[in-house]
Every structure is written in structure tokens, then in C-alpha cells.
Amino acid sequence: MIRRLAGAIVVVSCGLLLVTGNTVAMAAPIGGDAPRSGGTSSDTDVEAPGFARERGISLEEAQQRLGWQRVAPELGQQLDEQLGDRFGGIWIDVHDGDRIKIGIVDGPDPDTSAIVQQAAEALGLTEGYDLVSTRYSMAALEEDNDWLGSEIARVNEGASATLAAGLRPDLNTVELQAPVEGDLTEDQQGLVDEATDRLGDRLMVGSYEGRPEARACVYPYCDPPLRGGIKISNGKGCTG
């Protein structure tokens, strides 16, 4: 599925990856009531068989993981509001049983842990999520990504090769990608240099072949079952 939100390109695909074969996901377990956001039980029932085959897990486990994923968007929204600049993002890690990872800037600590627990339990989520320490807030990374996206739209105009950028909450960075094939224009190369100087270690520079695709799912730019969505800015229109 492809969505356009606030001028950005949102790609939701079944592969959960950006350009390489690495899957970075988001996920979380709920151990109580059915999730209250992001879809319905019937959605999960329809998606579960394919998800189970994709993951190599039982149908029951697939239904559980999809249920976790449905609750995660509302959890992320609440934590963004409650934690403010301490919120380091939320993502699902397919390498760790599709558990939700919640970034806490310079944390976690007892206060932030209590806030997360209270918000999670209010949504019926009693297990399957982990708090991890991050250096930068999601608000700061989103600001960086918005700036980079607007600049990419400018320098990509009329260029045969296009730059693309997206949030990588799993790496606590913004990722800027250049195509393997094709030469960058002077303005494009200038932006790469400027972004590297301006963002420092908040920026990850990489490359892609073909069209940029999603590697990590960033709320709220994903639909369940969050197989791979990312807010991508390439200034040229839809990327997939």
C-alpha cells in the first residue's frame, strides 16, 4: 500500500526492508484484552494466515503478534504526548519475536518506565514490549527529516537520479540514500555534504538500487500488519 501524508511518501510493503534484504520491524505482545486501535479482530483473522507463513510461526502466534501491532500506533501516539522530548520513537523488531521497542532518551528510568507501563496497560498491553535507551528524541529526528525532505524536493527537481530520506527509529537516525546508478547533480551532492555536516551522527548515509522501499516502520505511517512502512521523501512522487 502507498499513502501520501503531508507531502511525504509512505510505502507499506510486505517485505519490511529498504533496499537490502534486512528486515527491521516493530512489534509487541499484548497479554490482556483485545487491542482497541488500528484495526479490528476480523482484520487480524484475514491477515494471520499469510503472516504466519511469512514468519514461520503458528496461526495462534501470528494472531497474537498482529494484535500487538494493532495496539502499537495508539501507544506511540500517547507516549509521544506524555514523554515529550524523552520519547525516542517506537518500532517493531522482527529479529526479537516482533516485540515493540520503545526508545527513551537518556533512559529508561523509573519515571519513564512507569509512564510507559501505565499507557500500555490502559491499552491491554501487559507484555511483549521493551524500553531501550536512545540519544535523540523522535521530535528532533522528525524535524531533521522534514528539513531534509524539503531540501531533497528542491535538489531532485529535474535530476535523473534522485535522493531519498526516511526516519530510522531503530537506529535513532535519519537515513539519506543516494542511488547506486546515476550521477548526482552539483546541488544534490552539495545537500549530501550539508546534511552530513549539519546532522552529524543523527544522519546515516547509504545507497539504494532501483526504487527506495521501506525498511523500518514508523508510526503513524504504517497500516497493520506493519510489514514495512517508512516516511520517505524523494521529491518526485510515490516511490513504490
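Predicted model: local features only at pLDDT ≥ 70, side-chain atom pairs only at ≥ 80, totals over all residues.
1. Helix α4, covering residues 138-156, has 19 residues and reaches 26 Å from its first C-alpha to its last, close to the 27 Å expected at 1.5 Å a residue. Buried residues in α4 include M138, L141, D144, N145, W147 and L148. Further along α4, G149, E151, I152, V155 and N156 are buried too. In general, an α-helix has 3.6 residues a turn, so residues three or four places apart point the same way. After α4 comes G158, with a positive phi near 80°.

2. Helix α2 spans residues 59-83, which gives 25 residues. From its first C-alpha to its last, α2 reaches 35 Å, close to the 36 Å expected at 1.5 Å a residue. Beyond the end of α2 stands G84, whose phi is positive, near 60°.

3. As to the overall arrangement, the chain contains five helices and nine strands. Read from the N terminus, the order of the elements is β-β-α-α-β-β-α-β-α-β-β-α-β-β. The chain has 240 residues, and buried residues make up 50% of them. Of the contacts with a separation of 6 or more, 72% are between residues 24 or more positions apart.

4. Strands β7 (residues 173-179) and β8 (residues 203-208) run parallel and are joined by six bridges. One of the residues concerned is V174, whose bridge partner in β8 is L203. Between β7 and β8 the chain passes through helix α5, residues 186-199, and this β-α-β crossover is right-handed.

5. Strand β5, residues 129-134, includes D130. Which residues does D130 touch, leaving aside those up to four places away in sequence? They are D96, R99, I100, K101 and I102. R99 lies 31 residues from D130 along the chain, and the C-alpha atoms of the two are separated by 7.3 Å.

6. Some backbone geometry deserves attention in review. Most residues other than glycine have a negative phi, and most peptide bonds are trans. The bond between G107 and P108 is a cis peptide bond, with omega about 0°. P108 is located in the loop between β4 (99-105) and α3 (110-122).

7. D98 is a residue other than glycine with a positive phi, near 60°. Its place is in the loop between β3 (87-93) and β4. Is D98 buried or exposed? The relative accessible area of D98 is 0%, and because buried means under 20%, D98 counts as buried.

8. N172 is not a glycine either, yet its phi is positive, about 55°. This residue sits in the loop between β6 (164-168) and β7. Why is N172 classed as buried? The relative accessible area of N172 is 10%, and the cut-off for buried is under 20%, so N172 is buried.

How values were computed. Residues numbered from 1 in each chain as written. Heavy atoms only, no water. Pairing = 2+ DSSP bridges. Helix = DSSP H or I, 4+ residues; strand = E, 2+ residues; numbered from the N terminus. Right-handed = clockwise from strand over helix to strand, strands pointing away. Expected span 1.5 Å × (residues − 1). Buried < 20%, exposed > 50% of the residue type's maximum accessible area, 1.4 Å probe, protein only. Contact = heavy atoms within 4.5 Å.
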